[in-house]
Amino acid sequence: MLVKEFKLYENREDVTLTAYVLAEKGELHGQGMRPAVLICPGGGYFNCSDREAEPVALAFAAMGYHAFVLRYSTYMEGAEGFIDLFSDIPVKAHLTHPTPVREIGMAMLLIRSHAEDWMVDMERVAVCGFSAGAHNTAMYGVYWDKPLLTEYLGVKKEELRPAALILGYTLSDYILLRDTKKNELDDAFFRNSVKAFTGETDPSEEKIIEISPARLVSEQTPPTFLWATSEDAMVPVQHSLRMAHALADHHVPFELHVFEKGDHGMSVATQASSVAKSQMNADAAKWVGLADEWLKKRFALALPEKTAFEESMQN
């Protein structure tokens, strides 16, 4: 496997694309161009969670996909630690919307520029995200063909097209977020998260709709796999349900799995992504295999029925 990190900006260390490219030169090289998954970790637009980065990439690599982790612009700019949720954080305009979603487009173009060397099938690239990263992914799913990305990046929409979306415990509707009753800590978290993402303490209704992908789904939104847990108290399952409802309204193929148990931020829900037993859940961990089966409907390798050796033995 080739593991290599790329900076998306020459003068910034925090926005990176890490490639996990299956680089087998032996018999597996004969499988040809492979599909890929571009992963956006969560973190409330404050940071990018390590738990939702490499462990997820390795899970998809084990399925036979090239994997890429995008650490997009977040408020902490790659610094460790966390903000004081009960303070009035200053605005960092260069990090706010639409910067994060545009960086998914930049990552897609970077992958495309190496597609031949890495044997990436650009017609079969899924974008996968978790929590805020899933929101960013869903935003890409509704904006990939719009001037917000195409004009800014100076490319045709076909160069940015995602083949599928995978949304883990996504935030999809900021009106729902605003109107959901929260405890004091969650209220402080999301108040600052909204400011970190939009640059505004109290965004207008128009702005809120602009950043609510469940309200922007169209027939051009890619097929989508969603999963969440009914116990998630931070980003309620209704966000996944609303996204699924919007996809159904626009006849976009989707699959939705809601697991009964599990807190927010489960990642792959095994010890591979956990720093405590509370982050492990055998049922929620099933999403990985379910996503694999769902992707195979679109991304299955064009393999022959038998190996060349088996054919030679029969002849």
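Biologist: What makes the contact of glutamate 255 and lysine 297 a salt bridge?

Modeller: The model is a predicted one. The side chains of glutamate 255 and lysine 297 come to 3.4 Å, N to O, and a salt bridge requires a side-chain nitrogen of Lys or Arg within 4 Å of a carboxyl oxygen of Asp or Glu. The contact therefore qualifies as a salt bridge. This pair links distant parts of the chain, with glutamate 255 in strand β8 and lysine 297 in helix α10, 42 residues apart.

Biologist: Why is lysine 297 called exposed?

Modeller: The relative accessible area of lysine 297 is 60%, and exposed means over 50%. Lysine 297 is therefore classed as exposed.

Biologist: How many salt bridges are found in the whole structure?

Modeller: The search of the whole structure finds 19. One of them joins the side chains of arginine 215 and aspartate 173 at 3.0 Å, N to O. Arginine 215 is in the loop between α8 (205-210) and β7 (224-229), while aspartate 173 is in the loop between β6 (164-168) and α6 (174-179), 42 residues away.

Biologist: Is aspartate 173 buried or exposed, and how do you know?

Modeller: Aspartate 173 has a relative accessible area of 2%. Buried means under 20%, so aspartate 173 is buried. Arginine 215, at 40% relative accessibility, counts as partly exposed, since that class lies between the limits of 20% and 50%.

Biologist: Which other residue forms a salt bridge with aspartate 173?

Modeller: Aspartate 173 also forms a salt bridge with arginine 242, where the closest N and O atoms are 3.3 Å apart. Arginine 242 belongs to helix α9 (residues 238-249) and aspartate 173 to the loop between β6 and α6, so the pair ties together parts 69 residues apart in sequence. Arginine 242 is partly exposed, with a relative accessibility of 37%.

Biologist: What makes the nonpolar surface patch?

Modeller: Met1, Val3 and Leu58 make a nonpolar patch of about 280 Å². A residue of a patch must have over 30% relative accessible area. Leucine 58, at 40% relative accessibility, is partly exposed and therefore passes that limit. Leucine 58 is placed in helix α1 (residues 54-62).

Biologist: Why is serine 278 called exposed?

Modeller: Serine 278 has a relative accessible area of 52%, and exposed means over 50%, so the label holds. Serine 278 lies in the loop between β8 (254-259) and α10 (286-299). Between the C-alpha atoms of serine 278 and methionine 266 there are 8.9 Å in space, and the two are 12 residues apart in sequence.

Biologist: What lines the largest cavity?

Modeller: The structure holds 1 cavity of 30 Å³ or more, and the volume of the largest is about 30 Å³. Its lining includes Tyr45, Leu95, Pro100 and Phe197. By class, the lining of the largest cavity has 6 nonpolar, 3 polar and no charged residues.

Biologist: How does the lining of the largest pocket divide by class?

Modeller: It divides into 12 nonpolar, 15 polar and 7 charged residues. The volume of the largest pocket is about 690 Å³. Of its 34 lining residues, the closest to the centre are Gly42, Gly43, Asn47, Cys48 and Ser49. Helices α4 (132-143) and α7 (184-198) each supply at least two residues of the lining, and the largest share, 3 residues, comes from α7.

How values were computed: Residues are numbered from 1 along each chain as its sequence is written. This is a predicted model: local features need pLDDT of at least 70, side-chain atom pairs count only at pLDDT 80 or more; totals for chains, interfaces and linings use all residues. Side-chain values use heavy atoms; hydrogens and water are left out. Patches are made of residues with over 30% relative accessible area and no salt bridge: like charges are joined within 9 Å, nonpolar side chains (Val, Leu, Ile, Met, Phe, Trp, Tyr) within 5 Å. Accessible areas come from the Shrake-Rupley method with a 1.4 Å probe; for residues, only the protein chains shown count as cover. Helices (H or I, at least four residues) and strands (E, at least two) are DSSP runs, numbered from the N terminus. Buried means under 20% relative accessible area, exposed over 50%, partly exposed in between (1.4 Å probe, protein chains only). On a 1 Å grid over the protein atoms alone, a cavity is a set of points where a 1.4 Å probe fits but cannot get out, and a pocket is an open set with protein on both sides within 12 Å along at least five of seven lines; lining residues have an atom within 4 Å of a point. Grid points are joined across faces, edges and corners, and a volume is the space filled by probe spheres set on the points. Ala, Val, Leu, Ile, Met, Phe, Trp, Tyr, Cys and Pro count as nonpolar, Asp, Glu, Lys and Arg as charged, and the others, Gly among them, as polar.
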